[in-house]
Amino acid sequence: MIFLKLFLTFFKIGAFTFGGGYAMLPFIKEEVLANNWMSLEEIIDFIAVSESTPGPFAINMATAIGNNQGMTFGAFGGIFGAFCATLGVVLPSFIIILIVAKIYDKFKNSTVVSGCMTGLKPAVIGFIGSAVISIAETVFVPNGFSTTIFTSATFYVSAAIFIGALIATFKKVHPIIIICICAVIGIISGYLL
Amino acid sequence: MRKKLKICLSLFWVFFRIGAFTFGGGYAMIPLISEETVNKRRWISESDILDIIAIAESTPGPVAINSATFVGYRVAGFFGAFFSTLGVVLPSFIIILVISYVLEEFKSLKAVQYAFTGIRAGVLALIVKALYKMYKACPKGVFYYIIMGLALIAVAFFKIEVIWCIIACAVFGLIYSLTLKGKVEK
């Protein structure tokens, strides 16, 4: 049953990811790839969509995948799939925060909570690092690693875009502008090469 | 009763607008939440905002959901939490549904495929920047570097499921902070 599966998978993602934004990426990536819901290319494309639209990444991802998978049952299936996945990713936070709000003072001073966070904070950085490695592979060597990539023009275009975008983002250029410029360069070089 | 309904509706409206106008997820929302709920409506105090950030970071789930639920609960109990969370989720939900249909229509176009080839390299840069920012915000020390390295190697090279790494790192953190931390970090 795809709808139940969507709900449960995103419930798990919502319940076990700490930290905002891309902290969820490695876990989402793993679950989505394991279920064959999207390819890594599609996930990266969707990060771009998510950066250019309002709202949290996890919600955007849940809505899009739910809609995608439910669509086999028609348009209403798509909406219902999106609903199940989004409800799944929201519910754990909702329940946990309701509990925490009640026992707030205990929670705030808990050595167990702060102890777990001591391990989770650096772990999240390691997880995102691993996501960066696999995304870099998809971007630079989409057809697997071989010596021929150094003769392919797309490799150099991707490298140039990456370096340019990196400089731009550290100069605090807005992500949407960076994505738009990358799209234009991608289109121009696609037709030229 | 009527007063409570009114508060719930205005919570919904405030968080709906926050959800509709903040790009880049949870942390980008904090200043807006603070402006709307502390300065304008005086629902909560300035120090509550700091608590919200601390809680959102140390509980699972997206920061946006955590903060909406927490503020809503503080202001109007369970129903306040419900309406705030619904409000913050709804804009993304609607926008992404629409975009999914549009993308599906256009994704076979050559120009769109070329555009995304360029965009992927840009997205990689955005994630590297996010990673750098998180690294800067993380405490430094031998223990932290070891966990970072272990987490990276376990997931990237040994393909261990993220969920087990999360649990293991939480346990390591707990053991470390209960035993060595006080002695090592002074």
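This is a predicted model: local features need pLDDT of at least 70, side-chain atom pairs count only at pLDDT 80 or more; totals for chains, interfaces and linings use all residues.
The model scores ipTM 0.82 and pTM 0.83. For chain B the average pLDDT is 85, and 95% of the residues score at least 70.

**Chain A and its domains**

Nine helices and zero strands make up the secondary structure of chain A. Read from the N terminus, the order of elements is α-α-α-α-α-α-α-α-α. Along the principal axes, the C-alpha atoms of chain A fill a box of roughly 60 × 45 × 30 Å.

Chain A is divided into domain 1, residues 2–140, and domain 2, residues 145–193. Between the C-alpha centres of these two domains the distance is 27 Å. Their contact takes five residues from domain 1 of chain A and seven residues from domain 2 of chain A. On the domain 1 side, H3 and H7 of chain A are the elements that give two or more residues. H3(A) provides the largest share of that side, three residues. By class, the domain 1 side divides into three nonpolar, one polar and one charged.

Chain B is divided into domain 1 (2–106), domain 2 (107–137) and domain 3 (138–186). The C-alpha centres of domain 1 and domain 3 of chain B lie 31 Å apart.

**Two helix pairs**

Two packed helices are described by the angle between their axes and the distance between the axes.

| Helix pair | Angle | Axis distance |
|---|---|---|
| H3(A), residues 40–52, and H7(A), residues 111–140 | about 100° | 10 Å apart |
| H4(A) and H4(B), residues 63–106 | roughly 45° | within 9 Å |

The angle of about 100° between H3(A) and H7(A) makes H3(A) roughly perpendicular to H7(A). In this pair, A:Leu40, A:Glu41 and A:Ile44 of H3(A) meet A:Ser134, A:Ile135 and A:Thr138 of H7(A). The contact of H3(A) with H7(A) has three nonpolar, two polar and one charged residues.

For H4(A) and H4(B), the axes cross at roughly 45°, and the two helices are therefore oblique to each other. The crossing in which H4(A) passes H4(B) is right-handed. From H4(A), the residues making the contact are A:Ile59, A:Asn60, A:Thr63, A:Ala64, A:Asn67 and A:Asn68. From H4(B), they are B:Val89, B:Ser92, B:Phe93, B:Ile96, B:Leu97 and B:Ser100. By class, the contact of H4(A) with H4(B) has six nonpolar, six polar and no charged residues.

**The contact between the chains**

Over the whole interface, 85 residues of chain A are in contact with 82 residues of chain B. Several helices of chain A each supply at least two residues of the side that touches chain B, among them H1 (2–16), H2 (25–34), H4 (57–70) and H5 (75–102). Also among these helices are H8 (153–170) and H9 (175–192) of chain A. H7(A) gives the largest share of that side, 25 residues. By class, the side of chain A that touches chain B has 56 nonpolar, 25 polar and four charged residues.

Methods:
Residues are numbered from 1 along each chain as its sequence is written. Chains are lettered from A and ligands numbered from 1 in the order in which they are written. Axes are lines fitted to C-alpha atoms, for helices over the stretch in contact, and angles run from 0 to 180 degrees between N-to-C directions. Helices (H or I, at least four residues) and strands (E, at least two) are DSSP runs, numbered from the N terminus. Angles under 35 degrees count as roughly parallel, over 145 as roughly antiparallel, 65 to 115 as roughly perpendicular and the rest as oblique. Two residues are in contact if their C-beta atoms, placed from the backbone, lie within 7 Å. Ala, Val, Leu, Ile, Met, Phe, Trp, Tyr, Cys and Pro count as nonpolar, Asp, Glu, Lys and Arg as charged, and the others, Gly among them, as polar. A crossing is left-handed if the near helix is turned anticlockwise from the far one by less than a right angle, and right-handed if clockwise. pLDDT is the predictor's confidence in each residue, from 0 to 100. Domain bounds come from an automatic or database domain assignment.
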